[in-house]
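Hi everyone, thanks for making time. I'd like to walk you through one model today, so let me put it on the screen.

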Amino acid sequence: MIAVYNQAAVGDILMLTFAPATGKVVQETKGQVTKVVDAESKQTLGINIEGVGAALALTDQAGQVFLTESQVAQVNQILQDAGFDDAIAVEQSNLVVGEVVSMTAHPDSDHLHVTQANVGNGESLQIVSGSPNMQEGIRVVVAKPGSMMPSGAIIWDGALRGVPSAGMIVSGRELKLPGAPDKPGALVLPADFGQIGQAFDFAAAQSLYADGLIDTNY
């Protein structure tokens, strides 16, 4: 789930996104809650809740938010009161520290690689990457499926030239880090930057390029 609070552009609305829309969708509105469902599979794709900014103490925030246990309980009560059976849970960032365990050539590309990335807790993701500095053993930032990038783009499962890819190995440029080079290439983290599976620490990463800890010669 991705939670986004937007007050300026669309009004006082908390938008919860669970999956991408791939076909026809239907909407059902009850009071302040609008539920968006895939017309064929009946999967809940998103839920928009109006007028909850003050109650959830979100009015000073914008963009992606990570709800606390108390806020989640309030949202679930709102859904229940509106007559919906849906319920959400506390979620952490899907942008995590990972490690490239293996890398093979893409069967239908001369510049793409098929990697296996360790993202902690015994989880491994297959990610197709075109980063020119990709190699085995490096520590990277992985946008797991369901991640929202600083640009607002949402990363879902997909495929590149026929090979499934569960997420993305991202660059410093895509993370909008100060001093990041304006060219493709994975952000290769120092070996002591966080633990595998840990949420990526944007604050700690602000000086990575300024301190010369990142190799940009690739």
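Let's start with strand β4, residues 33-38, which is joined to strand β5, residues 44-50, by five bridges, the two running antiparallel. Within that pair, valine 36 sits opposite glycine 46 of β5. Helices here are DSSP runs of H or I with at least four residues, strands are runs of E with at least two, and both are numbered from the N terminus. Strands pair if DSSP finds at least two bridges between them.

Quick caveat: this is a predicted model, where local features need pLDDT of at least 70 and side-chain atom pairs count only at pLDDT 80 or more, while totals for chains, interfaces and linings use all residues. Numbering runs from 1 along each chain as its sequence is written, and side-chain values use heavy atoms, with hydrogens and water left out.

Now zoom out: six strands make an open, antiparallel sheet, ordered β3-β4-β5-β2-β1-β6. β3 (25-30) and β6 (63-65) are at the edges with a single partner strand each, so one side of each has no neighbour in the sheet.

Over to the loops. Glycine 11 is in the one between β1 (2-6) and β2 (13-17). Glutamine 135 belongs to the loop between β9 (124-129) and β10 (139-143). Leaving aside residues up to four places away in sequence, glutamine 135 touches Val100 and Met103, contact meaning heavy atoms within 4.5 Å. And how far is glutamine 135 from isoleucine 13 in space? They're 42 Å apart, C-alpha to C-alpha, and 122 residues apart in sequence.
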